[in-house]
Amino acid sequence: MPFVAAVAASHAPNILLEPGAEWDEFMQLHYRMAPQAASSKPSLEAQQKLRRDAEKAYAVLRADLEAARPDVLIVVANDQFVNFFHNNIPTFFVTLADEVKGQFTRHKFHYRNHKELGRAILRAGLESGIDFSFGEYIELQHTQVVPLYFLLPEAKIPILPIYVNTWADPIPTPRRCFQVGEVIRKVADGRKERVAILATGGLSHFPGSPRIGEIDTEFDHKLLEILREGKGRSLADYSVEEICKSGDSEFLNWMVAIGAIGDAKASATFYMPDYVATGWGFVSWKI
Amino acid sequence: MSSYHLNRFLFDLKMNPDALKQAESNLDGALDHYELAPEERDALKAGDPRRLRQLGAHGMLALYIMRLNPEYRSNIYWSQK
């Protein structure tokens, strides 16, 4: 029973911003890059509904996680120029710190890091052809803490941040990310700890681009349908270009979780486009 | 041409409080620390993230030039990463 649960969730910052003034102030920056995105700006009531719907989705994921009683939560996310820059961008990175911290507006986060599990995954990767990068310090950012705020608000168990470069071209293939997930599953199956995995990001969005505001809801629905059917493995056949043209590069984080769950069917999926930037998606798999 | 230094300046505005402070008080002096093409330097001084992106800045770093714009200086955006 060592691999016990898997969830995937969007990490869009506006999920954790207060509807109204905070959300609107934050989005002003994006509108400077993509002025047309402001034309679909949701009303306060629509923002509040999005927040409530996201909280409901997170509540289902959290209940599933807690029911699986994990001893450690692997968090697969992308760095967005906080820990890594163009002088050195790891394609896959495992955190070997003792503890990890970060802040999001007024919210502070501090978790123990499960570096023993990190070392085991590193070793297993090296032995099976996946040469992870690693390091002993990282700063948590919104890609981890937005979902953790809802899923692991109290640091009851350690986490293990693993990074996928979905952000700076060139990025890895869906197949490679799936294979990383397979390695993680193999290691987890041999551990005494109960291991759960959280993959973050997506779904469709075009951050930092004049295309902000375009959300390919059709492609996102297709992805979620494939996950409900338990056919996530087939997504490893997609090219990077097929994933990216819909603004779903962060789905590569999800591909790692999909590699770990194998052919399990998603037990719950939720989807809510936020009108101005991102298709918020949430999935739980019972293992 | 590589836009490494253009992105580096923007990354430092995001992650290095001392670099931000210097850029706020003396932008020309701050820019002297980076190997920038004349059009990159001009675009940074003009403060338009769309133009920076066209010159090769990563879109999500280009936004950080707005940190020097008095209108956006206290934006909640900067209190998260």
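Colleague: What makes strand S11 of chain A count as mostly covered?

Modeller: In this predicted model, seven of the eight residues of strand S11 (residues 279-286) of chain A are buried, and a residue is called buried if 20 or more other C-beta atoms lie within 10 Å of its own. With seven of eight residues in that class, the strand is described as mostly covered.

Colleague: What lies between S10(A) and S11(A) in their hairpin?

Modeller: Five residues lie between the two strands, and in that turn A:Tyr275 has a positive phi of about 80°.

Colleague: Why is helix H8 of chain A called largely enclosed?

Modeller: Eleven of the eleven residues of helix H8 (residues 251-261) of chain A are buried, so the helix is largely enclosed by the rest of the structure. Among the buried residues are A:Phe251, A:Trp254, A:Met255 and A:Ile258, and also A:Asn253. Just after H8(A), A:Gly262 takes a positive phi of about 70°.

Colleague: How does H8(A) figure in the largest nonpolar core?

Modeller: That core has 109 residues, of which A:Ile74 and A:Ala257 touch the most other members, and H8(A) gives the largest share of the core, nine residues. A:Ala257 is itself one of the buried residues of H8(A). Leaving aside neighbours within four places in sequence, A:Ile74 is in contact with A:Leu160, A:Ile162, A:Ile184, A:Val195, A:Ile197 and A:Leu198.

Colleague: How do you know that chain A is as compact as a globular protein of its length?

Modeller: The secondary structure of chain A comes to eight helices and eleven strands. Its radius of gyration is 18 Å, close to the 19 Å that the globule rule gives for 287 residues, so chain A is as compact as a globular protein of that length. Along the principal axes its C-alpha trace spans about 50 × 40 × 40 Å, and 52% of the residues count as buried.

Colleague: What makes strands S5 and S7 of chain A edge strands?

Modeller: Three strands of chain A form an open sheet in the order S5-S4-S7, with mixed pairing, and strand S5 (107-112) and strand S7 (139-140) are its edges, as each pairs on one side only. Two bridges join strand S4 (residues 99-104) of chain A to S7(A), and these two strands run parallel; A:Gly102 stands opposite A:Leu140. Helix H4 (residues 142-151) of chain A lies across S4, S5 and S7, running at about 85° to S4(A).

Colleague: Why does A:Glu218 count as exposed?

Modeller: A:Glu218, in helix H6 (residues 217-228) of chain A, has 9 C-beta neighbours inside 10 Å, and because 12 or fewer is the condition for exposed, A:Glu218 counts as exposed.

Colleague: Where are cis peptide bonds found?

Modeller: One joins A:Asp169 and A:Pro170, with omega about 5°, and A:Pro170 lies in the loop between strand S8 (159-164) and helix H5 (174-189) of chain A. Another runs from A:Gly202 to A:Leu203, with omega near -5°.

Notes
Residues numbered from 1 in each chain as written. Chains lettered and ligands numbered in written order. Predicted model: local features only at pLDDT ≥ 70, side-chain atom pairs only at ≥ 80, totals over all residues. Helix = DSSP H or I, 4+ residues; strand = E, 2+ residues; numbered from the N terminus. Rg over C-alpha atoms; globule rule 2.2 N^0.38 Å. Pairing = 2+ DSSP bridges. Contact = placed C-beta atoms within 7 Å. Axes fitted to C-alpha atoms, helices over the stretch in contact; angles between N-to-C directions. Core = buried A, V, L, I, M, F, W, Y, C linked by C-beta atoms within 7 Å.
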